[in-house]
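I opened the model and kept notes as I went. The entries below are in the order in which I looked things up.

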Amino acid sequence: MNYDDYKQARDLSWRVLLDTGTRELPVKVSRICGAYGVTLRSYQAGAPLIRALGLEAQCGASDGFSVRSGGRCYVFYNIEQPPGRVRFTIAHELGHILLGHLGDGEHTVYNREPSPEDAPEEHTANVFASRLLAPACVLHALGAVTPERIAAVCDISLAAARFRAGRMGVLDQRGKYGASPLERQVLAQFQPYIDRVKSGQ
Ligand SMILES: [Zn+2]
């Protein structure tokens, strides 16, 4: 993934937090999908829609997928994954939609644990998802830096939280928090929540 793609996905995660007025963790992914007019359904609840789109085979192949069809966008997911994983799956698919990876009539093919062989678009969707669900500036301000604490505060899997904790260690070393005006706006939007958590209310 080149730096421009990384930066685009990262900045988009901040913009989405700002535009949707998200002020607390854990981030509500269903509300965010709704704010962008994206129809969100589990495989079970979405079965008639999935059939109408002719995509039944996708359900067996993937933990989640997204579709752009007839001017509408859909995210479908397997509800039988652990809850933290479901949230990451949804955020990842929303990333594909908002980053413009899908043309009309197109759908994503798979959604799985990240691997180095993944296509660049998979990496950027993961950058978007991890930063949407676990914004580093907010975690830093909360003092939530261990994988266990990040997983609990953000309601994500421990595996995803470990990635995030590793990345935050790098940011800490560089003293890189709040370098972007967008990130500072995100932090300001979450400040009342941060103050509440820190005062133990
Ligand atoms: Zn993907």
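**Entry 1: the zinc site**

I began with the zinc ion, whose protein donors are His92 (NE2), His96 (NE2) and Glu122 (OE), lying 2.0 to 2.1 Å from it. I counted as donors the N, O and S atoms within 2.8 Å of the metal (3.2 Å for Na, K and Ca); water is not among the atoms, so sites may look incomplete. I noted that this is a predicted model, in which local features need pLDDT of at least 70 and side-chain atom pairs count only at pLDDT 80 or more, while totals for chains, interfaces and linings use all residues. I also noted that residues are numbered from 1 along each chain as its sequence is written, and that side-chain values use heavy atoms, with hydrogens and water left out.

Which spacing do the donors of the zinc ion follow along the chain? I read it as H-x3-H-x25-E. Helix α5 (residues 83-98) holds both His92 and His96, which are four residues apart, about one turn of the helix. For helices I took DSSP runs (H or I, at least four residues), and for strands likewise (E, at least two), numbered from the N terminus.

Are His92 and His96 buried or exposed? His92 counts as buried because its relative accessibility is 4%. His96 is also buried, at 1%. My cut-offs were under 20% relative accessible area for buried, over 50% for exposed, and partly exposed in between (1.4 Å probe, protein chains only).

**Entry 2: cysteines**

I looked for disulfides, meaning pairs of cysteine sulfur atoms within 2.5 Å. A disulfide is a covalent bond between the sulfur atoms of two cysteines. The count by this rule is zero. Cys73 is in no disulfide, and the nearest cysteine sulfur, that of Cys33, is 10 Å away. Cys154 is in none either; for this residue the nearest cysteine sulfur belongs to Cys137, 11 Å away. I found Cys73 buried at 10% relative accessibility, and Cys154 buried at 0%.

**Entry 3: salt bridges**

Here I wanted a side-chain nitrogen of Lys or Arg within 4 Å of a carboxyl oxygen of Asp or Glu. Side chains of opposite charge can pair when their charged atoms come close. How many salt bridges are there by this rule? I got four.

Arg10 pairs with Asp11, with 3.0 Å between the closest N and O atoms. Both Arg10 and Asp11 are buried. I also found Lys7, Arg10 and Asp11 linked in a network of salt bridges.

Glu24 pairs with Arg196, and their closest N and O atoms are 2.7 Å apart. Glu24 is in the loop between α1 and α2 (29-35) and Arg196 in helix α10 (residues 181-198), so this pair ties together parts that are 172 residues apart in sequence. Glu24 is partly exposed, with a relative accessible area of 37%, and Arg196 is partly exposed at 34%.

Asp155 and Arg87 also form a salt bridge (3.6 Å, N to O). Asp155 sits in the loop between α8 (147-154) and α9, and Arg87 in helix α5, so the pair ties together parts 68 residues apart in sequence. Asp155 is partly exposed at 32%, whereas Arg87 is buried at 10%.

**Entry 4: backbone**

Most residues other than glycine have a negative phi, and most peptide bonds are trans. I looked for exceptions. Asp155 has phi near 55°, a positive value in a residue other than glycine. The peptide bond from Leu25 to Pro26 is cis, with omega near -5°. Pro26 is placed in the loop between α1 and α2.

I then checked Ala160, which lies in helix α9. Ala160 is buried, with a relative accessible area of 13%.
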